[in-house]
Protein chains: 2
Amino acid sequence: MATCEFFYDFSSPFSYLASTQIERVAEGHRLVWRPFLLGAVFKAVGTPIVPIASFPRPKRILALREQYRWAEHWGVDFALPAVFPQNTVLALRMALQLPEDRLPAATHAFFRAVWVEDRNLGDREALREVALGAGLDADRLIAGAETPEVKALLRTNTDEAVARGAFGAPSFFVGDQLFWGQDRLDFVRRALEGWKPREPGPKVLARVDDLSGST
Amino acid sequence: MATCEFFYDFSSPFSYLASTQIERVAEGHRLVWRPFLLGAVFKAVGTPIVPIASFPRPKRILALREQYRWAEHWGVDFALPAVFPQNTVLALRMALQLPEDRLPAATHAFFRAVWVEDRNLGDREALREVALGAGLDADRLIAGAETPEVKALLRTNTDEAVARGAFGAPSFFVGDQLFWGQDRLDFVRRALEGWKPREPGPKVLARVDDLSGST
């Protein structure tokens with residue numbers, strides 16, 4: 001049995017799409033749900049805080065089309081919410097207080113709120129309603145979200161993902177193999193089954209730094 | 001029978017990977033090979049001329065790893081050439097002079113030269129050798145590449161791709177549906193078989209312009 005670590009943020013449409021499939025993909029293996037703060041990841045690696053906003057227009061349009069295509073491909077509901085991007089810090093800190101066996105259901109509820117039900121998790125009252133609707137002790141979780149211990153949990157997940165090479169969401173780790181994007185779930189599955197794809201050698205990897213100067 | 005238009009540039013590793021699979025993917029349908037100048041596409045849409053060079057370091061590393069992973073996935077040879085990026089204008093103009101039935105084999109030869117045999121198509125003598133090795137009338141094609149007619153052919157493919165919404169390579173069109181990337185070949189196949197995935201409505205599409213202001 002292998003382990004898949006799933007790093008996600010409720011603000012990310014492709015994290016939502018991944019969340020609808022990851023339990024099937026990781027079936028028979030250990031799945032660890034790891035909410036992290038995508039904005040902090042972008043800041044750490046030096047990416048615009050809303051990457052899609054920095055895309056040239058035709059790429060923005062295709063990125064949006066792709067969200068709808070993949071939703072149809074997986075057979076799940078999807079609608080771009082009225083508020084995007086959303087501030088998900090509080091929602092993530094609420095999720096992080098849950099015991100391991102309750103985190104998946106809560107994660108699904110938060111994702112559906114944003115990407116199906118057009119709720120804004122950045123609005124505290126809306127978030128409270130969503131949490132209550134998911135059967136959570138909303139007020140206790142909201143209060144807990146302000147404690148240093150819970151804030152540290154979110155920072156830990158975020159910093160660890162960055163330290164291990166993540167730069168976006170969703171990110172999946174199988175051991176030290178990083179996969180980025182819900183369009184790599186087939187690769188995630190194969191990695192769980194023992195696939196170790198060929199890696200570029202150290203000389204080739206060293207050249208990624210040369211490339212940074214070739215603009 | 002549907003038509004797949006395949007836009008590619010020899011300078012693009014993921015175009016090479018696509019070229020190794022596209023005939024299988026488009027089997028039973030019409031496949032149109034359309035060399036275009038990726039650098040001019042980037043310029044037209046406002047993307048850095050070597051996008052990977054503008055990525056944050058962890059994303060550059062994963063982009064490189066992905067090239068090796070996908071090569072292994074498809075079971076094809078792959079090696080990052082010593083010279084990257086390469087100036088492929090002349091090679092593309094040579095390819096564009098070939099009759100339709102000779103273009104696929106020449107395309108494979110040029111791609112293999114860069115992505116398997118570590119040749120530099122930006123070096124005129126190396127390019128000449130590659131063309132001769134592929135059984136082409138190299139000197140005639142090199143001379144023809146300087147004519148206004150042939151230059152216009154490359155511009156036409158490039159401008160048309162941009163006008164239809166392309167912003168990178170490889171790009172595939174099935175009718176007016178654009179697919180970007182060799183990791184979308186399954187979608188290309190399904191589109192050829194009649195798949196019409198749900199599109200975001202005009203109101204949602206209009207919002208891509210709002211997003212550009214949300215950085």
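Mentor: The model is predicted, so local features need pLDDT of at least 70, side-chain atom pairs count only at pLDDT 80 or more, and totals for chains, interfaces and linings use all residues. Residues are numbered from 1 along each chain as its sequence is written, chains are lettered from A and ligands numbered from 1 in the order in which they are written, and side-chain values use heavy atoms, with hydrogens and water left out.

Trainee: How do you know that the copies meet through the same surface?

Mentor: Of the interface residues of chain A, 100% are also interface residues in chain B, so the surface is the same. Contact here means heavy atoms within 4.5 Å. By that rule 51 residues of chain A touch 53 residues of chain B.

Trainee: What area do chain A and chain B bury between them?

Mentor: About 5200 Å², with 60% of it on carbon and sulfur atoms. Buried area is the accessible area (1.4 Å probe) that two parts lose on being put together, summed over both.

Trainee: Why is the pair B:Arg65 and A:Glu199 called a salt bridge?

Mentor: The term needs a side-chain nitrogen of Lys or Arg within 4 Å of a carboxyl oxygen of Asp or Glu. B:Arg65 and A:Glu199 meet at 2.3 Å, N to O, so the pair qualifies. The rule finds 6 salt bridges across the interface of chain A and chain B. Across that interface there are also 20 residue pairs in polar contact, both at pLDDT 80 or more.

Trainee: Which elements give two or more residues to the side of chain A that touches chain B?

Mentor: Helix H4 (51–54), helix H5 (57–74), strand E4 (177–180), helix H11 (185–192) and helix H12 (202–211) of chain A. The largest share, 14 residues, comes from H5(A). Helices (H or I, at least four residues) and strands (E, at least two) are DSSP runs, numbered from the N terminus.

Trainee: Which salt-bridge network does B:Asp183 belong to?

Mentor: Start with its own pair: B:Asp183 and B:Arg184 meet at 3.5 Å, N to O. Salt bridges that share partners then join A:Glu66, A:Arg69, A:Asp183, A:Arg184, B:Glu66, B:Arg69, B:Asp183 and B:Arg184 into one network.

Trainee: What makes B:Glu5 and B:Arg164 a link between distant parts of the chain?

Mentor: Their closest N and O atoms are 2.9 Å apart, in a salt bridge. B:Glu5 is in strand E1 (residues 3–8) of chain B, and B:Arg164 is in the loop between helix H10 (148–163) and strand E3 (171–174), 159 residues apart. B:Glu5 counts as buried at 14%. B:Arg164 counts as partly exposed at 29%.

Trainee: Where do B:Glu125 and B:Arg128 lie?

Mentor: Both are in helix H8 (residues 124–133) of chain B, 3 residues apart, about one turn of the helix.

Trainee: Is A:Gln177 buried or exposed?

Mentor: Buried, because its relative accessibility is 8%. A:Gln177 is in strand E4 of chain A. Not counting residues up to four places away in sequence, A:Gln177 touches A:Phe172, A:Ala191, A:Trp195, A:Lys196 and A:Pro197.

Trainee: How many disulfides are found over all chains?

Mentor: The search finds 0. A disulfide is a pair of cysteine sulfur atoms within 2.5 Å. A:Cys4 counts as buried at 0% relative accessibility.

Technical notes:
Buried means under 20% relative accessible area, exposed over 50%, partly exposed in between (1.4 Å probe, protein chains only). A polar contact is a pair of N or O atoms within 3.5 Å; within protein, one must be able to donate a hydrogen and the other to accept it, and residues adjacent in sequence count only if both atoms are side-chain atoms.
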